[in-house]
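Let's take a friendly walk through the spaces inside a protein. Have a look at the structure below before reading on.

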Amino acid sequence: ADRVPFYGTHQAGIATPAQDRLAFATYDLTVSGTVAENRAALRQLLQQWTAAAAAMTQGKTVPGDNDNPAAPPADTGEAYGLSPANLTITLGLGGSLFDKRFGLAGKRPAALADLPKLPPENLDPERSGGDLAIQACADDPIVAFHVIRNLARIGRGTVVMRWSQLGFGNATGNGGGKETPRNLMGFKDGTRNIPGDDTSLMDGHVWVGDETDQPWMRGGSYLVARRIRMRIEAWDRDFLQDQENVFGRAKYTGAPLTGAKETDQPDFAKKAAGGDPVIPADAHIRLAAHENNGGVRILRRGYSFTDGIVPATGELDAGLFFIAYQKDPRTQFIALQRKLGAHDALNEYIQHVGSGLFACPPGARAAGTGWAQELL
Ligand code: HEM
């Protein structure tokens with residue numbers, strides 16, 4: 001019960017229940033050969049990564065020589081003997097992969113167009129982008145970290161890690177029958193998320209279908225990652241009623257301000273005695289809700305992070321490592337974030353400081369097949 005199947009129509013780690021821990025990393029290819037050589041190197045890398053990922057998710061060591069006393073073991077060993085802890089490993093391809101190095105420009109999906117500037121972001125290039133991305137999630141932090149480390153090691157000479165992010169305490173409520181987890185602002189996060197086991201919502205909003213211009217992406221999805229810092233110290237000085245107005249929900253129960261229980265549907269039309277809407281005009285849930293966005297939804301799968309303090313201010317460097325999956329970021333994440341960026345009351349307390357957009361191909365179908373085989 002602690003193993004998630006690796007092979008299948010879709011990659012695991014999207015619809016499957018969110019685990020407690022995240023290790024996310026992006027990698028850049030360092031190849032410098034001809035297009036044919038570079039393409040062969042990429043194909044080989046993805047085959048090796050797929051085989052290693054399949055093994056790790058089933059609790060096995062990275063394939064290769066682990067017993068030769070005269071050589072470094074193929075597996076670094078820190079997860080040896082541990083259960084796979086529901087490990088899922090999800091691959092994403094960045095827009096920068098579809099360039100002259102690999103002759104892949106004609107295979108770049110229109111939906112993988114670079115994200116536009118999305119004010120009020122303040123992005124750090126050292127925490128943004130990457131040719132490849134790996135989302136490793138598990139209920140054990142060392143099992144998740146083991147993945148991003150060993151994939152870098154397998155790819156030595158072909159890839160270097162560009163940036164990485166650890167996350168904890170899933171902030172999505174994406175199934176599993178657990179209580180909705182809380183984010184670092186103390187609010188339940190994930191209440192009205194797309195449930196991963198709702199196949200009709202998943203097909204409608206998350207899995208790429210026949211509408212794509214790139215058939216190799218059918219059954220895949222697009223991952224948007226945003227490292228969102230929270231101004232925790234300022235938030236902690238804000239009074240309860242204002243905190244609740246920022247989201248449009250009650251802090252402790254998670255209920256919409258127009259209801260009594262977490263599961264009550266928000267009533268965006270309801271007015272208070274003075275005539276103002278009960279869920280304020282700039283409340284996060286009013287701006288983000290599908291009812292107010294022409295039916296647009298995304299699957300959120302973010303994790304909290306805390307990475308020490310910001311030296312200049314002494315404030316915590318903590319927040320939400322936001323991850324969202326969707327069919328087409330242009331009409332989903334970008335459209336929503338444009339609106340949130342312009343109007344969300346939450347903007348006073350957050351800042352987007354890292355960013356990535358990745359095309360996640362469909363699942364590797366069976367043992368011996370590689371990730372993104374149809375692309376290469
Ligand atoms: C809902 C927190 C960023 C999209 C919510 C809820 C909370 C929350 C507490 C209400 C509970 C729920 O239904 O999940 C946050 C925090 C953020 C953040 C703390 C940043 C640090 C974003 C971003 C997007 C987004 C960047 C997309 C561009 C949504 C959507 C909903 C939602 C679609 C569901 C609204 C509904 O249908 O009621 N968020 N969020 N959020 N958020 Fe965020």
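Which element gives the largest share of the lining of the second largest pocket? The answer is E9, with four residues; strands (E, at least two residues) and helices (H or I, at least four) are DSSP runs numbered from the N terminus.

This is a predicted model, where local features need pLDDT of at least 70, side-chain atom pairs count only at pLDDT 80 or more, and totals for chains, interfaces and linings use all residues. Residues are numbered from 1 along each chain as its sequence is written, and side-chain values use heavy atoms, with hydrogens and water left out.

**The space of the ligand**

The ligand takes up the largest cavity.

| Residue | Distance to a ligand oxygen atom |
|---|---|
| Gly190 | 2.6 Å |
| Thr191 | 3.1 Å |
| Arg192 | 2.8 Å |

**The second largest pocket**

About 360 Å³ of space lies here. Of its 23 lining residues, those closest to the centre include Asp114, Gly129 and Ser355. By class, the lining has seven nonpolar, eight polar and eight charged residues.

Notes
A polar contact is a pair of N or O atoms within 3.5 Å; within protein, one must be able to donate a hydrogen and the other to accept it, and residues adjacent in sequence count only if both atoms are side-chain atoms. On a 1 Å grid over the protein atoms alone, a cavity is a set of points where a 1.4 Å probe fits but cannot get out, and a pocket is an open set with protein on both sides within 12 Å along at least five of seven lines; lining residues have an atom within 4 Å of a point. A molecule sits in a cavity or pocket if more than half of its atoms lie within 2 Å of its grid points. Grid points are joined across faces, edges and corners, and a volume is the space filled by probe spheres set on the points. Ala, Val, Leu, Ile, Met, Phe, Trp, Tyr, Cys and Pro count as nonpolar, Asp, Glu, Lys and Arg as charged, and the others, Gly among them, as polar.
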